[in-house]
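This briefing is meant to be read with the sequence and the 3D view open.

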Amino acid sequence: MKKIQMVDLEGQYAPIKDEVNSSIQEVIDTAAFINGPKVKAFQANLEAYLNVKYVIPCANGTDALQIAMMGLGLKPGDEVITADFTFAATVEVIALLGLTPVLVDVDPEYFNIDIDAIKKAITPKTKAIVPVHLFGQCANMDAIMEIAKAHNLFVIEDNAQAIGATYTSLNASKAKAGTIGHVASTSFFPSKNLGCYGDGGAIFTNDDDLAHTIRGIVNHGMYERYHHDVVGVNSRLDSIQAAVLDAKLPHLDNYNKARQSAARKYNLAFKNHPNIETPKAGNGCKTICDNCDCHVFHQYTLKIKNADRDGLVAHLNAKGIPCGVYYPIPLHKQKAYQDERYNDADFQVTNQLSKEVISLPMHTELDDDQIEFITASVLSFLT
Ligand SMILES: *Cc1c(COP(=O)(O)O)cnc(C)c1O
């Protein structure tokens with residue numbers, strides 16, 4: 001059996017080696033390292049894939065979030081609601097910009113931002129909601145867009161984990177994750193569903209004015225050479241990373257299908273086990289779909305009920321199976337983000353999840369032998 005990895009980037013590279021290498025070689029041959037034709041080509045190809053008007057590449061997913069918020073003109077003191085159960089980047093940029101992060105609890109079944117908790121957190125200072133499509137599954141965008149409309153709020157989708165997922169609205173219309181809110185961010189960190197070979201990110205929007213504003217912000221606030229109209233940043237996707245991404249983009253749907261297929265095999269092996277709750281894929285709108293594209297399994301995350309989760313982690317590691325706990329400490333308990341307004345009792349789901357979740361190896365190259373070994377090892381611990 002091949003060595004089991006959390007993410008197998010060598011295995012993924014092997015069959016596309018020629019495509020990737022020649023794409024990178026083109027950049028080197030033309031020495032167009034910054035803002036070269038590869039960046040423009042990838043941008044246009046991603047716009048077409050997502051069916052979104054504008055993709056603005058940038059240096060990483062954290063920058064993408066920050067730049068999206070800068071582009072919306074959010075000001076110090078504005079409150080931004082986001083999930084307590086996510087990677088810290090989401091709340092970090094809110095705080096860095098002097099905005100006030102307002103963390104709220106998540107849904108126990110889907111791990112995404114809880115709709116009632118959003119409603120309760122809205123004040124006259126609230127300016128935006130940042131849903132995170134956690135672990136590859138779209139948040140409940142129907143409900144979030146409805147709240148945003150009623151309260152005149154911006155919606156910034158943190159789509160670092162769900163690129164390629166398709167959200168189906170209650171009215172049956174379909175849209176790619178990251179194209180539903182006013183603006184979205186994504187990350188091309190190597191382990192993400194569409195990863196480059198270094199750092200990369202992008203911002204998506206359908207709004208002409210916002211796209212124009214953001215294009216200036218990523219380039220030192222310049223709209224005309226050496227005229228700096230706003231305070232900007234320097235955040236670029238370099239051409240070599242764009243070359244990798246442009247070679248990988250045509251494979252994204254197959255990569256996501258491979259993840260979904262691995263998830264189905266895991267689900268089957270763990271079905272009806274009293275100590276295991278398998279992840280639900282339900283479009284966030286709770287119409288549970290067995291075989292749909294609302295979940296692209298950036299992570300495959302189980303809840304371990306009434307059993308020793310940390311013991312299971314140690315047991316798997318001892319068998320050479322890597323696994324992860326995303327996320328072991330809720331953000332409202334992190335030193336950097338403590339706020340006297342938070343009441344621990346309002347974060348019951350996140351608090352519980354941080355004790356129960358375990359993410360198993362999930363990538364595009366998992367084979368049946370590996371999945372069988374992993375599931376047997378989990379089951380032998382829980383018996
Ligand atoms: C990975 C990730 C980010 C940050 O992306 P980087 O490219 O590493 O800066 C932001 N939000 C979420 C939810 C992520 O998973």
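The notes below are grouped by topic. The model is predicted. Helix α2 has its buried residues on one face, and V130 in strand β4 counts as buried at 0% relative accessibility.

**Ligand site**

- The residues around the ligand are N60, G61, T62, T86, F87, A89, V132, D158, A160, Q161, S187 and K192.
- The side chain of T62 places an N or O atom 2.5 Å from an oxygen atom of the ligand.
- For Q161, an N or O atom of the side chain is 2.8 Å from a ligand oxygen atom.
- D158 has a polar side-chain atom that lies 2.8 Å from a nitrogen atom of the ligand.

**Helix α2**

- Helix α2 takes in residues 17-30, which makes 14 residues. From its first C-alpha to its last it reaches 20 Å, close to the 20 Å expected at 1.5 Å a residue.
- V20, S23, I24 and V27 are the buried residues of α2. Seen down the helix axis they fall within an arc of 90°, so they line one face of α2.
- In an α-helix there are 3.6 residues a turn, so residues three or four places apart point the same way.
- The buried residues of α2 pack against α1 (9-13), α3 (37-50) and α9 (239-248).
- On the face turned away from the buried side, α2 carries the exposed residues D18, D29 and T30.
- A31 follows α2 and has a positive phi, near 55°.

- V130 is found in strand β4, which consists of residues 126-130. Its relative accessibility is 0%, so V130 counts as buried.
- Leaving out residues up to four places away in sequence, V130 touches L65, M69, V80, I81, T82, A83, T90, I113, I156 and D158. Among these contacts of V130 is D158, which also has a polar side-chain atom 2.8 Å from a ligand nitrogen atom.
- V130 and C323 are 193 residues apart along the chain, and their C-alpha atoms are separated by 27 Å.
- Helix α5 (residues 89-96) has the buried residues A89, T90, V91, V93 and I94. A89 is also one of the residues around the ligand, and T90 is among the residues that V130 touches.
- The buried residues of α5 pack against α4 (61-71), β2 (79-83), β3 (100-104), β4 and β5 (154-158).
- Just after α5, G98 takes a positive phi of about 80°.

**Backbone details**

- Most residues other than glycine have a negative phi, and most peptide bonds are trans.
- N272, which is not a glycine, has a positive phi near 60°. N272 sits in the loop between α10 (252-270) and β12 (276-277), and is exposed, with a relative accessible area of 72%.
- T383 is not a glycine either, and has a positive phi of about 35°. T383 is found in the segment after α13 (368-382), and with a relative accessible area of 77% it is exposed.
- Y326 and Y327 are joined by a cis peptide bond with omega about 10°. Y327 lies in the loop between α11 (309-318) and α12 (348-356).

Definitions and conventions
Residues numbered from 1 in each chain as written. Predicted model: local features only at pLDDT ≥ 70, side-chain atom pairs only at ≥ 80, totals over all residues. Heavy atoms only, no water. Helix = DSSP H or I, 4+ residues; strand = E, 2+ residues; numbered from the N terminus. Expected span 1.5 Å × (residues − 1). Buried < 20%, exposed > 50% of the residue type's maximum accessible area, 1.4 Å probe, protein only. Arc of directions from axis to C-beta. Contact = heavy atoms within 4.5 Å. Near = heavy atom within 4 Å. Polar contact = N/O pair within 3.5 Å; in protein donor to acceptor, adjacent residues only side chain to side chain.
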